[in-house]
Amino acid sequence: MNQQAAVQPYVNQAFIRRVSFIAGLGGILYGFDMGVIAAALIYVRDSFHLSTVMQEVLVIAVLIGVMIGALVGGTIADRIGRRQTLIWGAVLFIVGSILAPLSPNVYVLFVARGLLGIAVGFTSVTAPVYVSELAPPQSRGMLIGLYQFALTLGIALADLVGYWFAASQGWRWMFGFGLIPAVFFLFMVLTVPESPRWLFVQNRLAEAESVLKSYTDEAGASLLLEDIRVSLMTKMERRWSALWSPAVRGSLFIAIGFMVLIPATGINAILYYGPQIFSLAGISSNKSAIFATLLVAVTNVLATVIALVLVDRVGRKPLLYVGIGGMTAALLVLSYCFHADLGPSLGKIATACLMFFITCYAFSIGPIAWILVSEVFPCGCAAAASLRLR
């Protein structure tokens, strides 16, 4: 690293706060639209008389959309720009948030949830990259961490909204509430410029310099331009074949293993079917089951803070050992309690086990998996791998 790159450029703090807000809103929308189905599904099931299979189909509508959005989002962001891709993502969020509560049948709701999933896919691969390319080097880690933390806030917000409207069985209001952060997200993206890195890659050097000068001084713009130039000169080729080279293949298997393990832990079942799990545990009231799910979501948020504080102090592997061990113990106790049929006390035990499980997940494999995806790869290949594994 040259001396120039070691100097911290001046950046307008109001601009950093704006970029931080965009990162946070992107994460909140991700978490909200993934998590709101947990509470809404109870009432959608009754309104449309859904079978178990149709409930599952409705749940995976978002996941299908996420897969499509993630697969094409990176390519679209490279072609039309990060900002423009986020704008289209925000528009899809708005359309989906309007269409879902107005759905006359489950098929229209499926399409609406699919559109929301595509929007999630777009933002999940583009927003972290966008904010990292706009922010100075000393702020990039914080902003990407904020996105992951905001995702847990979005899940908690979804459960809170579900609890608010549970008494009136207002599943349409639950879905419609997502329109509020979606509109804010669109408004905020419209207030910031295109990524200077993307402009630089497109050989629009004057525009890239102009963008940098809009939130930093002359010296800061020169430093950030040099940072972009150096990073582009040293990066590896971002093709699928690069991930299969001998130097990267082992890291790829480790990263894929972590990405497979995350849903295999059962976290998705808790996010999507939490109220129904608590109902099976003996909590008879739908509102009480949603409230128990909300407690789990709040625990997820608080435990994520533990990870942010300890991950660089304690290390990745110790947190993984403790967290995965705790998750295993919680699931073993929970499965035994369901098998033993403990009667009225089962609901309280299930709540305690799931809160302990989510605590261990949130300070270990949940956030650390994404950190390791970037750290196990050679520097030039980390960004490409992260985009593809999301």
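These are my notebook entries on a predicted model of one protein chain.

**Ground rules.** I number residues from 1 along each chain as its sequence is written, and side-chain values use heavy atoms, with hydrogens and water left out. As the model is predicted, I take local features only at pLDDT of at least 70 and side-chain atom pairs only at pLDDT 80 or more, while totals for chains, interfaces and linings use all residues.

**Overall.** I looked up the secondary structure and got 19 helices and 0 strands. Here helices (H or I, at least four residues) and strands (E, at least two) are DSSP runs, numbered from the N terminus. The chain has 390 residues, and 52% of them count as buried. Buried means under 20% relative accessible area, exposed means over 50%, and partly exposed is in between (1.4 Å probe, protein chains only). I put the accessible surface at about 17400 Å², with 68% of it on carbon and sulfur atoms. That area comes from the Shrake-Rupley method with a 1.4 Å probe, and for residues only the protein chains shown count as cover. I also checked contacts, meaning heavy atoms within 4.5 Å. Among those between residues at least 6 apart in sequence, 80% join residues at least 24 apart.

**Core.** Next I went to the largest nonpolar core, which has 107 residues. Such a core is a set of buried Ala, Val, Leu, Ile, Met, Phe, Trp, Tyr and Cys residues joined through side-chain atoms within 4.5 Å. The members touching the most other members are Val-44, Leu-58, Leu-109, Trp-171, Phe-175, Phe-185 and Ile-365. Helix H6 (residues 106–134) gives the most to this core, with 12 residues. I followed up Ile-365: leaving out residues up to four places away in sequence, Ile-365 touches Phe-258, Leu-261, Ile-262, Leu-320 and Met-327.

Is Asn-300 buried or exposed? Asn-300 counts as buried because its relative accessibility is 6%. Asn-300 sits in helix H15 (residues 286–310). With residues up to four places away in sequence set aside, Asn-300 touches Thr-152, Ile-155, Ile-358 and Ala-362. Leu-223, in helix H12 (residues 218–234), is buried too, at 13% relative accessible area. I checked Leu-223 against Leu-212: 11 residues apart in sequence, 9.9 Å apart in space, C-alpha to C-alpha.

**Nonpolar patch.** Helix H4 (52–80) and H6 each supply at least two residues of the patch, and the largest share, 7 residues, comes from H4. Ile-64 lies in H4 and counts as partly exposed, at 34% relative accessibility.

**Cysteines.** How many disulfides does the whole structure have? I get 0, taking a disulfide as a pair of cysteine sulfur atoms within 2.5 Å. For Cys-337 the nearest cysteine sulfur is that of Cys-353, 5.4 Å away. Cys-337 is buried at 5% relative accessible area, and Cys-360 is buried at 3%.

**Positive phi.** Most residues other than glycine have a negative phi, so I looked up the exceptions. His-49 has a positive phi of about 55°. His-49 lies in the loop between helix H3 (37–48) and H4, and is exposed at 71% relative accessible area. Asn-203 has a phi near 65°. Asn-203 is in the loop between helix H10 (196–201) and helix H11 (205–213), and is exposed at 66%.

**Salt bridges.** I count 4 salt bridges, each a side-chain nitrogen of Lys or Arg within 4 Å of a carboxyl oxygen of Asp or Glu. One joins Asp-78 and Arg-82 at 2.7 Å, N to O. Asp-78 is partly exposed at 38% relative accessible area, whereas Arg-82 is buried at 6% relative accessibility. Glu-207 bridges to Arg-204, with the closest N and O atoms 2.8 Å apart. Glu-207 is partly exposed at 40%, as is Arg-204 at 34%. Lys-213 and Glu-209 meet at 3.2 Å, N to O. These two are separated by about one helical turn because they are 4 residues apart in helix H11.
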